[in-house]
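Please look at the sequence and structure first.

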Amino acid sequence: MAEMMSHRAAPHRAVLSVPNLDPNSLERYVDALPVPEIAKASGMHEVPGQPGVKVPFYRQSMREISTKLHRDLPATRMWSYGGSVPGVTFETRSGQGLLVEWTNALPAKHFLPIDHSLHGAEKGSPEVRGVVHLHGGKTPPEHDGYPEDWYVPGKSRSYYYPNEQDATLLWYHDHSMGINRLNIYAGMLGLHVIRDEVEDALHLPSGKYEVPLVIMDRDLHEDGQLSYPVSADPDKPWVPEAFGAAQLVNGKLFPYLDVEARKYRFRVLNGANGRFYRLSLSEGVEMHQIGSDQGLLAGPVAMKHVQLAPGERVDLVVDFAGHRGAKILLASDSFPLMQFRVGADEVHDASELPKTLRPVARIAENSSVMTRRLTLDETESMVGESMGMLLNKTPWHMPITEKPVLGSTEIWEFVNLTDDTHPIHLHMVKFQVLDRRPFEAFEYMTAGTLRYTGAVMAPDANEMGWKDTVRVNAKTVTRIIVPFVGYPGRYVWHCHLLEHEDNEMMRPYEVVKA
């Protein structure tokens, strides 16, 4: 089996091995691709702090479910928002706010291994905690899902999402301090779609021809139950990465989708804890990327391969018109994820793939009022094993050091001193990627001198839109430019490799009023 793309050039660190299911022992393409249900509002409720302003109200529960990941496996124990994995999908319009009461109806005991040495997961803390973050949402701080704002089974929290942003695909997931990686691994994630008039006017594939694809990897025991890796140290079971052999698409192993010989729009999320995917289609089928994390690109970008880090989203249009009767595989590198079965009939297709989509004005660097240089660091034991990750060599609990002014624009330089590629996510804001450049990491660590070793690399064509998660390659400086537009208050920025985030590659930042 070909190895799917990871984020690390070095070999995996050793973990205890347990008998796990070999997914290749299962018959492929016997389960139809499921599509998550659209959440239904239960009425209109007043927005907190805005008397007289009412928005659609939803009530969704975090709860344990049993779900079939493959026809030939027993049902798997997972945790869910709304009864499925991925959870229910929220659909709304730009400027149409909504209110969600997230109810914690989970069991009192966790079924995955907690590391009590991690900050926020100390012994004495409740084993089961939840708090929801809308990833990519321009959301007031009190509704953002701050990692320490968790609550236990039997409690609930209502969050207001203004949706004052362009059409895009966001996603929501757990963000509980110290156990975030476990809760998401258990299944706590779902999609949030915002639409607007600009997108409507493009006549892109829609309705049943617009399909979400949530891709994530898991390890399974031979009885079909989730298997999460642990280290050889019983006092510190944390591992620096969790890569699963079973690749799930919308919660199924090797699903298939019947498609017509026409254009489709695929809204793709990498929901994995740590795995990077490099997506391609068989039979030479081309993909056109029309959007990234925060909405549409200026124009379609033809792609043979699409790299996707954890937390990133891509918006793809694929035309099956020239492939009637074919069976097309979606793969990561050479490993198949799912199958498209193209109908044999010729069909009428009124959808379009316009040459221009939405203006994306590039932000001038001279509009920045400050440049922040921030390092990505790894601490290791005497035998070279990872003990944890840090941002700017600063633990979570230390005082806030990044305090951008509301309405200002800053450049953030991420100096990656590690051997990993880290997807860095900033809450509340969207940004643009400026460039990347390799540098001599050892010299920086020993002498504090930033010496570049290669030319400046412009962003890839499909990175030229608005982003909220950026790949920071090993031994490179990656620069982004960030307008801090939205709300004042306390947010977080972090690595979206969930094992890194939990230990403890996450820092608060505060947007302050001028």
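The model is predicted, so local features need pLDDT of at least 70 and side-chain atom pairs count only at pLDDT 80 or more, while totals for chains, interfaces and linings use all residues. Residues are numbered from 1 along each chain as its sequence is written, and side-chain values use heavy atoms, with hydrogens and water left out.

W396 lies in the loop between β25 (386-391) and β26 (409-416); strands are DSSP runs of E, at least two residues, numbered from the N terminus. W396 is buried, with a relative accessible area of 4%, where buried means under 20% (1.4 Å probe, protein chains only). Leaving out residues up to four places away in sequence, W396 touches several residues, among them H119, Y146, M177 and P508; contact means heavy atoms within 4.5 Å. E148 is also touched, and its side chain joins that of W396 in a polar contact of 2.8 Å (a pair of N or O atoms within 3.5 Å, one able to donate a hydrogen and the other to accept it; residues adjacent in sequence count only if both atoms are side-chain atoms).

The whole structure has 25 aromatic pairs. One of them, F439 and Y444, is edge-to-face, at 6.2 Å centre to centre and 80 degrees between the planes. Rings of Phe, Tyr and Trp (its six-membered ring) pair if their centres lie within 6.5 Å, and planes over 60 degrees apart count as edge-to-face. Both F439 and Y444 are buried.

Definitions and conventions. Helix = DSSP H or I, 4+ residues; strand = E, 2+ residues; numbered from the N terminus. Buried < 20%, exposed > 50% of the residue type's maximum accessible area, 1.4 Å probe, protein only. Phe/Tyr/Trp six-rings, centres within 6.5 Å; stacked < 30°, edge-to-face > 60°.
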